[in-house]
Amino acid sequence: MNDFKKVKEHYSEKFKGFGVYTECMTRALFYGVSSFALTFSGLYFSQALLKSRLPYSQKYFLILPSVVSTCVAWTVTSRRAQRCQDEWRTSEPLYTRFQ
């Protein structure tokens, strides 16, 4: 099953919200990647502009953006993935109380 379209078609018959769920999870992961890139570049260039006022040398400019952007990306990805999982639970009758 290397072809994801086949996987999506196969499971969409059994689970009606599977296609929406996979699209939502894909978006969540790309939001995380893009938030990493934007946070890292923003912090790095901010440090480059403020290098005369910072208490550490330029050889440490990669540490702060790496740590902060990793935390931001993890937070964004996990929150968006949790929303996708919540939508999945409400769309499937197995998890819904009122259907």
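Contact here means heavy atoms within 4.5 Å. The model is predicted: local features need pLDDT of at least 70, side-chain atom pairs count only at pLDDT 80 or more, and totals for chains, interfaces and linings use all residues. Residues are numbered from 1 along each chain as its sequence is written, and side-chain values use heavy atoms, with hydrogens and water left out.

**Whole chain**

Start with the whole protein in cartoon view. It has 3 helices and 0 strands, in the order α-α-α along the sequence. Helices (H or I, at least four residues) and strands (E, at least two) are DSSP runs, numbered from the N terminus.

Next, turn the model along its principal axes. The C-alpha atoms fill a box of roughly 60 × 35 × 15 Å. The radius of gyration is 20 Å, whereas a compact globule of 99 residues would have one near 13 Å. That radius is taken over C-alpha atoms, and the globule rule is 2.2 Å times the number of residues to the power 0.38.

Switch to a surface. Of the 99 residues, 22% count as buried. Buried means under 20% relative accessible area, exposed over 50%, and partly exposed in between (1.4 Å probe, protein chains only).

Colour the charges. There are 14 positive and 7 negative side chains, and the centres of the two sets lie 14 Å apart. Lys and Arg count as positive and Asp and Glu as negative, while His and the chain ends are not counted. The place of a charge is NZ of Lys, CZ of Arg, CG of Asp or CD of Glu.

**The two annotated spans**

Residues 28–48 are 100% helix and 0% strand, with end C-alpha atoms 30 Å apart. Residues 60–77 are 83% helix and 0% strand, and their end C-alpha atoms lie 27 Å apart.

**Around Gln47**

Select glutamine 47, in helix 2 (residues 18–49). Is glutamine 47 buried or exposed? Its relative accessible area is 4%, so glutamine 47 is buried. Show its surroundings: not counting residues up to four places away in sequence, glutamine 47 touches Leu54, Tyr56, Phe61, Leu64 and Pro65.

Move to one of these, leucine 54, which lies in the loop between helix 2 and helix 3. Its relative accessibility is 23%, so leucine 54 counts as partly exposed.

Select valine 67, found in helix 3 (residues 63–91). With 48% relative accessibility, valine 67 counts as partly exposed. Draw a distance to phenylalanine 40: the residues are 27 apart along the chain, and their C-alpha atoms are separated by 8.9 Å. Now draw one from valine 67 to tyrosine 31, which is 36 residues away in sequence and 18 Å away, C-alpha to C-alpha.

Stay on tyrosine 31, in helix 2. Tyrosine 31 is partly exposed, at 40% relative accessible area. Which residues is tyrosine 31 in contact with, leaving aside its neighbours within four places in sequence? They are Val76 and Arg80.

Finish at alanine 81 in helix 3. Its relative accessibility is 13%, so alanine 81 counts as buried. Apart from neighbours within four places in sequence, alanine 81 is in contact with Met25 and Ala28. Tyrosine 21, 60 residues from alanine 81 in sequence, is 9.6 Å away, C-alpha to C-alpha.

Back at the whole chain, residues 24 or more positions apart account for 54% of the contacts with a separation of 6 or more.
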